[in-house]
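I am opening the notebook on this entry. The notes below follow the order in which I looked things up.

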Amino acid sequence: MRAVILILIIAVVAIIIAIATGFLNINQIRGAQAPQLSATSNGLVAKGGQPPAFDVETGSVNVGSKQTTVKVPTLEVQPPQNQAAATTNNSM
């Protein structure tokens, strides 16, 4: 249950960030109307009504590539010039 709540919190924060940065723009273009209810001997009857309509505009992300030249540093290892030959005696 905690994982579901955490995911919902992250989703709401992501939507708030998208709207605040202008990446997501939501406009209501038609309001909602509640249905007309009437009570009969058979129960309630609902007529009419309409859901709200929204216009959603999202930003776009363009991903591309280009060729370029990158200078890579070189590594040179030079042993010491005056190194005496060391002998190791491992026998006992």
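Which residue takes a positive phi just after H1? I found glycine 22 there, with a phi of about 85°.

Ground rules. I am working on a predicted model, where local features need pLDDT of at least 70, side-chain atom pairs count only at pLDDT 80 or more, and totals for chains, interfaces and linings use all residues. Residues are numbered from 1 along each chain as its sequence is written, and side-chain values use heavy atoms, with hydrogens and water left out.

Overall layout. Helices (H or I, at least four residues) and strands (E, at least two) are DSSP runs, numbered from the N terminus.

Burial and surface. I noted that 3% of the 92 residues count as buried; buried means under 20% relative accessible area, exposed over 50%, partly exposed in between (1.4 Å probe, protein chains only). The protein exposes about 9,300 Å², and 59% of that comes from carbon and sulfur atoms. Accessible areas come from the Shrake-Rupley method with a 1.4 Å probe; for residues, only the protein chains shown count as cover.

Contacts. I took contact as heavy atoms within 4.5 Å. Among contacts with a separation of 6 or more, 46% join residues 24 or more positions apart.

Helix H1. I checked the length of H1, residues 2–20. Its 19 residues should span 27 Å at 1.5 Å a residue, and the end C-alpha atoms are 27 Å apart, so the two agree. The expected span is 1.5 Å times one less than the number of residues.

Isoleucine 9 lies in H1. I classed isoleucine 9 as partly exposed because its relative accessibility is 49%. Isoleucine 9 also belongs to a nonpolar surface patch of about 520 Å², together with Met1, Ile5, Val13 and Ile17. Patches take residues with over 30% relative accessible area and no salt bridge, joining like charges within 9 Å and nonpolar side chains (Val, Leu, Ile, Met, Phe, Trp, Tyr) within 5 Å. A salt bridge is a side-chain nitrogen of Lys or Arg within 4 Å of a carboxyl oxygen of Asp or Glu.

Strand S3. I found leucine 44 in S3, residues 43–47. Leucine 44 counts as exposed because its relative accessibility is 66%. Leaving aside neighbours within four places in sequence, leucine 44 is in contact with Ser38 and Ala39.

Strand S4. Glutamate 57 is in S4, residues 53–58, and is partly exposed at 44% relative accessible area. With neighbours within four places in sequence left aside, I listed Phe23, Leu24 and Asn25 as contacts of glutamate 57. Glycine 22 comes back here: its C-alpha is 9.6 Å from that of glutamate 57, 35 residues apart along the chain.
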